[in-house]
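Colleague: I would like to go through a model feature by feature. Please give the general idea each time, then the case at hand.

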Amino acid sequence: MAEIISQRLYYYVFAALLALTLLTWGASYIHFGGHLNLIVAVTIAVCKAGLVVLFFMHVRYSSRLIWVFIGAGIFWLALLLALTLGDYLSRDWLPTSAGWQRLNVPGYTTHPPESRAVDQ
Amino acid sequence: MAESRSALAEQFDDLGQQYHASTLGMWTFLLTEIMFFGALFTAYTVYRSAYVEGFIAGSHHLDVILGTLMTAILIGSSLTMALAVHAAQVGHSKRLIGFLLLTMCLGLVFLSIKGYEYWHKYHTAMVPGVTFHYQGPYADTVQLFLIFYFVMTAIHALHMIVGLGLQIVLVVLARRGLFSSAYYTPVEIIGLYWHFVDIVWIFLYPLLYLVE
């Protein structure tokens with residue numbers, strides 16, 4: 001059966017999660033510029049999720065088979081994000097024909113986004 | 001010992017094997033949930049990258065203090081759930097029930113604040129598809145942001161309501177004395193589910209409330 005983790009460790013993890021929540025809240029008031037705010041916020045969220053998975057969900061003490069399953073989940077999620085964003089974010093790297101631009105598909109930033117929304 | 005025997009399904013050799021099969025099965029279910037929420041997060045990222053200004057303007061219409069408070073409450077409920085599993089592991093049935101009830105209370109407080117937020121959005125006419133009268137700049141993409149807000153938080157809240165229902169079942173079973181230090185598998189796997197729902201919120205909080 002599962003290993004019994006000391007209750008004190010759960011309280012430490014809880015305190016760390018609260019501290020990271022305050023950190024991400026505070027960081028949102030600092031303007032890092034570019035996509036850096038998003039990257040900081042998501043990095044902190046990944047750290048928090050890691051703490052929950054490793055300790056609250058006992059994965060640190062679980063069998064290697066559980067690790068393989070979770071690794072598969074992260075891998076498929078990464079595929080979903082990488083392939084989808086690889087398409088959308090690279091669309092205006094090449095010139096597109098006027099006909100395509102009229103479709104108002106996100107990723108075509110030939111026009112400023114808001115003027116596209118109003119065009120509809 | 002009689003209790004342990006009734007808890008063992010016939011296809012398993014022993015309770016340990018049953019425990020490992022059940023947790024692996026729960027993780028498999030959670031992987032399908034990762035892909036389910038993953039699709040929403042991917043769609044969110046695509047539209048946010050295309051309409052940054054509208055997402056920032058939309059996010060400023062959410063209450064950051066309430067969002068932070070809800071995050072703290074949900075993390076607290078994850079702590080009490082972890083302590084409930086711990087109580088089950090050491091065979092302390094009274095503490096197990098106590099921590100489960102505490103977890104449910106925190107879950108209900110979270111849902112109440114969420115309900116207040118929805119009510120507030122309804123009264124300020126910022127619910128796309130129901131009542132939406134927004135005059136500010138980027139009205140179209142603010143509406144798009146709010147659609148993501150409502151769909152993602154509503155599906156998250158639905159998962160919490162399912163989790164609360166499962167915990168009611170756990171409390172009933174615990175009161176009947178079904179769980180012991182030798183058999184607490186249902187407590188463990190419903191705990192896994194509750195922590196997963198917490199993780200989804202850990203990502204929703206910065207993506208919805210803290211857009212800069």
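Modeller: Helices (H or I, at least four residues) and strands (E, at least two) are DSSP runs, numbered from the N terminus. This is a predicted model, in which local features need pLDDT of at least 70 and side-chain atom pairs count only at pLDDT 80 or more, while totals for chains, interfaces and linings use all residues. Residues are numbered from 1 along each chain as its sequence is written, chains are lettered from A and ligands numbered from 1 in the order in which they are written, and side-chain values use heavy atoms, with hydrogens and water left out.

Colleague: Where does A:His58 lie?

Modeller: A:His58 lies in the loop between H2 and helix H3 (64–88) of chain A.

Colleague: What should I look for in its backbone?

Modeller: Most residues other than glycine have a negative phi. A:His58 has a positive phi of about 65° and is not a glycine. In chain B, B:Ala125 is not a glycine and has a positive phi of about 55°; its place is the loop between helix H5 (93–123) and strand S1 (126–127).

Colleague: Is A:His58 buried or exposed?

Modeller: Buried means under 20% relative accessible area, exposed over 50%, and partly exposed in between (1.4 Å probe, protein chains only). A:His58 has a relative accessible area of 4%, so it is buried. B:Ala125 is buried because its value is 12%. B:Leu166, in helix H6 of chain B, counts as partly exposed because its relative accessibility is 31%.

Colleague: Which residues does B:Leu166 touch?

Modeller: Contact means heavy atoms within 4.5 Å. Leaving out residues up to four places away in sequence, B:Leu166 touches B:Ile190 and B:Tyr193.

Colleague: How is a pair of packed helices read?

Modeller: Two packed helices are described by the angle between their axes and the distance between the axes. Axes are lines fitted to C-alpha atoms, for helices over the stretch in contact, and angles run from 0 to 180 degrees between N-to-C directions. In chain B, helix H3 (residues 52–59) and helix H6 (residues 139–175) pack at an angle of about 65°, with axes 8 Å apart. Residues making the contact include B:Gly54 and B:Phe55 of H3(B), and B:Leu144 and B:Phe148 of H6(B).

Colleague: What is the overall make-up of chain A?

Modeller: Chain A has five helices and zero strands. Of its 120 residues, 32% are buried. Among contacts in chain A with a separation of 6 or more, 38% join residues 24 or more positions apart.
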